[in-house]
Amino acid sequence: MLDKIDHITIQVLNIRKGITYYRKNFNCEVLYEDENKALLEFENTKLELVLPFEHPQHFAVIDNQLEGGDVHEDGSRSTYVHDHQGNMIKRITYKDIDNGS
């Protein structure tokens, strides 16, 4: 089975303007929005908009074998790695969110 990209994170200067641009130019829905980030859903992945210096640009791959990592507000866990060219990749899992293990 192929790995699944969970989301791509890009930096924007203004979250609201970023949402407006992507909603106007692409068929996507807003899953989450606050003053520092937004999460847009497309058919095949999600796009996270963040402010510079709030969060690094990266793409996230589902890794249900992930042990440890930082716990996020939605209960997911993740850790960052870099490829051989220095690109940032987030390994993320949503496994065991509901049962707390």
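Tyr-21 counts as partly exposed, because its relative accessibility is 44%. Buried here means under 20% relative accessible area, exposed means over 50%, and partly exposed lies in between (1.4 Å probe, protein chains only). Tyr-22 has a relative accessible area of 18%, so Tyr-22 is buried. This is a predicted model: local features need pLDDT of at least 70, side-chain atom pairs count only at pLDDT 80 or more, and totals for chains, interfaces and linings use all residues. Residues are numbered from 1 along each chain as its sequence is written, and side-chain values use heavy atoms, with hydrogens and water left out.

The whole structure holds three aromatic pairs. Tyr-21 and Tyr-22 form an edge-to-face pair, because their ring centres are 5.0 Å apart and their planes stand at 85 degrees. Rings of Phe, Tyr and Trp (its six-membered ring) pair if their centres lie within 6.5 Å; planes under 30 degrees apart are stacked, over 60 edge-to-face, the rest tilted. Ring pairs join Tyr-21, Tyr-22, Phe-26 and Phe-42 into a cluster.

## Helix H1

Four residues need naming on the buried side of H1: Ile-15, Gly-18, Ile-19 and Tyr-22. They sit on the same side of H1, because they cover an arc of only 100 degrees around the axis. The arc is that of the directions from the helix axis to the C-beta atoms. An α-helix has 3.6 residues a turn, so residues three or four places apart point the same way. Lys-17 and Lys-24 are exposed, on the face of H1 turned away from its buried side.

Asn-14 caps the N-terminal end of H1. Its side-chain oxygen lies 3.0 Å from the backbone nitrogen of Arg-16. Helices (H or I, at least four residues) and strands (E, at least two) are DSSP runs, numbered from the N terminus.

## The sheet

Eight strands make an open sheet with mixed pairing, in the order E2-E3-E4-E1-E5-E8-E7-E6. E2 and E6 are the edge strands, each pairing on one side only. Helix H1 (residues 15–25) packs on this sheet and touches E1, E2, E3 and E4; its direction makes about 150 degrees with that of E4. Axes are lines fitted to C-alpha atoms, for helices over the stretch in contact, and angles run from 0 to 180 degrees between N-to-C directions. Contact means heavy atoms within 4.5 Å. The buried residues of H1 pack against E1, E2, E3 and E4.

Two strands pair if DSSP finds at least two bridges between them. E1 (residues 5–11) and E4 (residues 46–50) are parallel, over five bridges. Ile-10 stands opposite Leu-49 in E4. E2 (residues 29–33) and E3 (residues 37–41) are antiparallel, over four bridges. These two form a hairpin with three residues between them. Glu-29 faces Glu-41 in E3.

Lys-46 belongs to strand E4. Its side chain makes a polar contact of 3.1 Å with that of Asp-6. A polar contact is a pair of N or O atoms within 3.5 Å; within protein, one must be able to donate a hydrogen and the other to accept it, and residues adjacent in sequence count only if both atoms are side-chain atoms. Not counting residues up to four places away in sequence, Lys-46 touches several residues, including His-7, Leu-31 and Tyr-94.

Asp-63 lies in the loop between strand E5 (58–62) and strand E6 (70–71). Asp-63 counts as buried, because its relative accessibility is 14%. A polar atom of the Asp-63 side chain is 3.0 Å from the backbone nitrogen of Gln-65. Beyond four places in sequence, Asp-63 touches Arg-91, Ile-92 and Thr-93.
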